[in-house]
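Please walk through this fold, starting with the sheet and the helices packed on it and ending with a pair of helices.

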Amino acid sequence: MDTEQSSPSEFEDDDLEEFSQPTSSPLESERVAKLLDIPFIAKLDSFVPPKELIRGEFSRVIGSWGKQWKAIPIAEDDTSVTVAVGDPLRTEVIDALRLCYGKYVKLVVAPEAEIIRAINSVRTSLMSDRSSALDSDPRSDDPEASNTLKIDVTDAEDDDAPIIRYVNTLIFRAASQRASDIHIEPFEEVLKVRYRVDGVLHDVDTESKVFQAPILSRVKVMANLNIAEKRLPQDGRIGLRIAGQDVDIRVSTVPTRYGERIVMRLLDKSKQRLEIPSIGFHPDIDEVVRRLIVKSHGIVLVTGPTGSGKTTTLYACLSHINSADKNILTIEDPVEYELGGVGQMQVSPKIDFTFASGLRSILRQDPDVIMVGEIRDLETVEIAIQASLTGHLVFSTLHTNDAPGAITRLLDMGVEPFLISSSVLAVIGQRLIRTLCHDCKVQGELSEVHCRELGLDVSKYRSSPIFGPSENGCPLCQGTGYLGRMGIHELMMIDDTVRSQIMDRANSTQLRASSNSLKSLRWDGAIKLLDGVTSFEEILRVTQEDAVG
């Protein structure tokens, strides 16, 4: 090993994503440890590497080399360094570390997945150190300051600049904490930063107004926006890699009284599971949806507010039916995730390429299945209906509060009732609820009040075991008590009874009452509460008060 290469001053794992996956199971690691009589540690949560082992010249040990070797230092004394490794038989790793530290290396064995998790945890901790991210002197030669962050961002020419490091840190922390959005909000005296995690906003940082202009300008430069234009809203996109993973960020700016407000939406392509089982359909709804999406023609609509996972549900449906014998085309704004084998188009209002004009073009491409990202106007819905009536299966979304509301929205747009009743097959209403952290959730029981709120039979379900969030959470869920989200759904089939109501221009309440199969969002939430997936408070937060059914 060349010692000249053992002391880089930055993390370099951009091109090493293949090394970031475990190659052996915990059981195999434990078996090897027993055979060699080496201590085995199943969890590395309580071990924090001394800073002198991972900073400055040793930064690669928690960067590219650490992930490649599946090794992390966890302790040291005057004569030795203790290192957790996944494979103790790799003698070249031990020799390299001995050369690096100039000390005797003691080995312990840990699962490779646990070592990778520990490396990521340490990196997150270092990159969250704001004292080095906003150093007052950008020319500082302090090695700790220069090692705060290294993200592969295309236009980051000078990663030593404190504002660049700070913005990179915000993005890295957001990705590490599973945030879907970063909000940068100017106020009269401060600049606030908030993350949306599992659908809920959390305060992250408060900065002096002195840093407002450079921080906002840096984000706009990354998104290729006009930094001189501060009076008009702008939209842009950032493509970058974080710890070897591709992440797309959609950037939106709007002018406010105290300066421009920026929201960045993070889309992690590597973590998105575009499969029907991951959507969280109730088994009854799942069975019907699988039958719907293989039909040859008709319209299937998914409704819900912004950020309720409508597009993800449609992607999962398209992935399920995607095959060589089908020509699937989409028109979206924007294209959020790439689907192999699917032709995806993005609207561009600047050149008058809208949903309506794009849909017309798609119809000349001999499609079998069409997905329209959103129905926004009468022209788009009329073309979609004509496509469904001429032998195409059409998927789309609508911004309405529930499934019956989609029909009234189409009527309000000016669509004739007979066209709706003859083309729409079903409407899926959707919301996202936070799921409880499996490590710290606490057990309770269903009370009579709970049953009444959820529309459940008191005599049958009272005192049933349910779970709720822990008061203080745990490190895994970052103290929130919740970890991840899943969908709750309602499905309204357009049967003969509903068609009759549509022809009479019935309102959403009448449509809900006439549908024999429609069960409410709150009903689906209640099922997930009884399954121990979510909490009673979360169901009430997400569903409407009158959604009992």
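**Sheet and helices**

Helix 9 (residues 283-292) lies across strand 14, strand 15 (424-436) and strand 18, at about 65 degrees to strand 18. Helices (H or I, at least four residues) and strands (E, at least two) are DSSP runs, numbered from the N terminus. Axes are lines fitted to C-alpha atoms, for helices over the stretch in contact, with angles from 0 to 180 degrees between N-to-C directions. The model is predicted: local features need pLDDT of at least 70 and side-chain atom pairs pLDDT 80 or more, while totals for chains, interfaces and linings use all residues. Residues are numbered from 1 along each chain as its sequence is written, and side-chain values use heavy atoms, without hydrogens and water.

The open sheet has seven strands in the order 12-11-13-14-10-15-18, with mixed pairing (two strands pair if DSSP finds at least two bridges between them). Strand 12 (343-346) and strand 18 (482-493) are at the edges with a single partner strand each, so one side of each lacks a neighbour in the sheet. Strand 10 (residues 298-303) and strand 14 (residues 393-398) run parallel, joined by six bridges. Thr303 stands opposite Leu398 in strand 14.

The axes of helix 11 (residues 355-363) and helix 12 (residues 378-389) come within 8 Å and cross at roughly 20 degrees. That makes the two helices roughly parallel (angles under 35 degrees). Their contact (heavy atoms within 4.5 Å) involves residues including Phe355 and Leu359 of helix 11 and Ile383 and Ala387 of helix 12.

Definitions and conventions. Angles under 35 degrees count as roughly parallel, over 145 as roughly antiparallel, 65 to 115 as roughly perpendicular and the rest as oblique.
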